[in-house]
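Hi,

Here is the structure I promised to pass on to you. Have a look at it first, and then read on for what turned up.

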Amino acid sequence: MRTFTIQPLNKACMEACQLRVDNLTKPIYSLAQLEKIAVRLAGIYNVEQPNHISNSVLIFAGDTAVDGMQNHTKGQESLQAVTRLGSGHSATEAAARKLKASVHIVDVGLEQSTETVSGVINKKVAPGAKFFGKGPAMTVAEMEDALEVGFAMAKELASKGVQAVALGNVGERTLLSALAVTAAITQYPMMELLTDNECTLSIQEKAERLTATLARYELTPEKPLQILQCVGSLDIAAMVGFYLGAAENRLAVVFDNAVTGAALLVAHAINPAVMDFVFQSAAYNEPVHKAQMKFLEISPYLYYNLEIDEALGSVMGLSVVDAALHMLNDMKTFGEATVTVAEDGPGNKRQDGR
């Protein structure tokens, strides 16, 4: 993997932004996460009062376990999804337009060809990741190439002036990779990560089989790239590269589901500083997603009971980032509104009438 450098957040800008936030005409700390988001954006962008940032949506597409027994559709569902996304008529596209966010769909590992699909950027490393129950999900070279796709997309978007990105995925059986990566990084018991479904196996039986499969690779959290190569997927690898590249290029990234969360777990294991540049969004009922939030010690902002991937949850989270900037710039301070500041309580030390 290429070398990269993540510079720390600008503390001076954050302190100046926090002082303005504290002096907005509201009870101090009353807007909770919106305040924290605004202050962190100041640290990311090296400016005391960020405003009018350029947004984008980035969706990586890749199929998982293409040689597995459960692959009945041979990637046709994923092909239909990216075709619909590329046409500009998806829910994601509709939400993105409200934020004036461009949408980029990158085929890094779909089973079917997308060379003739409108609106899809073809960066295919391989036609899908393999089933880790038979052998490693991808070769080291494939993993490196997928990581590089993510790094390159971060650099490209940054060069175009993009400042905040809603990250998403499309792909068949991607939750399987997310499950395996999450289990290997967190070391949580497999039983905590599984749900009952129509499979003939019980949760206990599935847990035993998956635990035994992962044990064969002797995976440890200290070796995130080995975890990624053995049980990850091409789209997850590309997102890992993007998270790290985004942090290097000082882009804010909003993630949503268990697949984007699995990539974040790997990126975090490689360099924890990546978390300074990442914002959570939607909550999901999926145990894998809940485990990721628990491990990263963060809580989602939103709950929509979404049953669709395609970055929709991330775009909705991007709207929260947008709301934080509106708070910062559209509200007046006590001084600007000529309103009396707090004379007692927690605000009396921070609100000075500026």
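This is a predicted model: local features need pLDDT of at least 70, side-chain atom pairs count only at pLDDT 80 or more; totals for chains, interfaces and linings use all residues.

Strand β1 covers residues 55-62 and strand β2 covers residues 102-109; the two run parallel and are joined by seven bridges. Both belong to an open sheet of six strands, in the order β3-β2-β1-β4-β5-β6, with parallel pairing. At the edges are β3 (120-122) and β6 (278-279), each of which pairs on one side only.

Now for the helices. Helix α9, made of residues 234-248, lies across β1, β2, β4 (164-170), β5 (252-254) and β6. Relative to β4, α9 runs at about 170 degrees.

There is also a helix pair to look at. Two packed helices are described by the angle between their axes and the distance between the axes. For helix α6 (residues 174-186) and helix α11 (residues 287-296), the angle is about 30 degrees and the axes are 10 Å apart. Their crossing is left-handed. On the α6 side, L175, A178, L179, T182, I185 and T186 take part, and they meet V288, A291, Q292 and F295 of α11. By class, this contact has seven nonpolar residues, three polar ones and no charged ones.

Last, the second largest pocket, which holds about 240 Å³ of space. Its lining has 13 residues, and H52, I53, N55, D322 and H326 lie nearest the centre. Which helix gives the most to that lining? Helix α12 (residues 312-330) does, with five residues. The lining of this pocket divides into six polar, four charged and three nonpolar residues.

Happy to go through any of this with you.

Best wishes

Methods
Residues are numbered from 1 along each chain as its sequence is written. Side-chain values use heavy atoms; hydrogens and water are left out. On a 1 Å grid over the protein atoms alone, a cavity is a set of points where a 1.4 Å probe fits but cannot get out, and a pocket is an open set with protein on both sides within 12 Å along at least five of seven lines; lining residues have an atom within 4 Å of a point. Grid points are joined across faces, edges and corners, and a volume is the space filled by probe spheres set on the points. Helices (H or I, at least four residues) and strands (E, at least two) are DSSP runs, numbered from the N terminus. Ala, Val, Leu, Ile, Met, Phe, Trp, Tyr, Cys and Pro count as nonpolar, Asp, Glu, Lys and Arg as charged, and the others, Gly among them, as polar. Two strands pair if DSSP finds at least two bridges between them. Contact means heavy atoms within 4.5 Å. Axes are lines fitted to C-alpha atoms, for helices over the stretch in contact, and angles run from 0 to 180 degrees between N-to-C directions. A crossing is left-handed if the near helix is turned anticlockwise from the far one by less than a right angle, and right-handed if clockwise.
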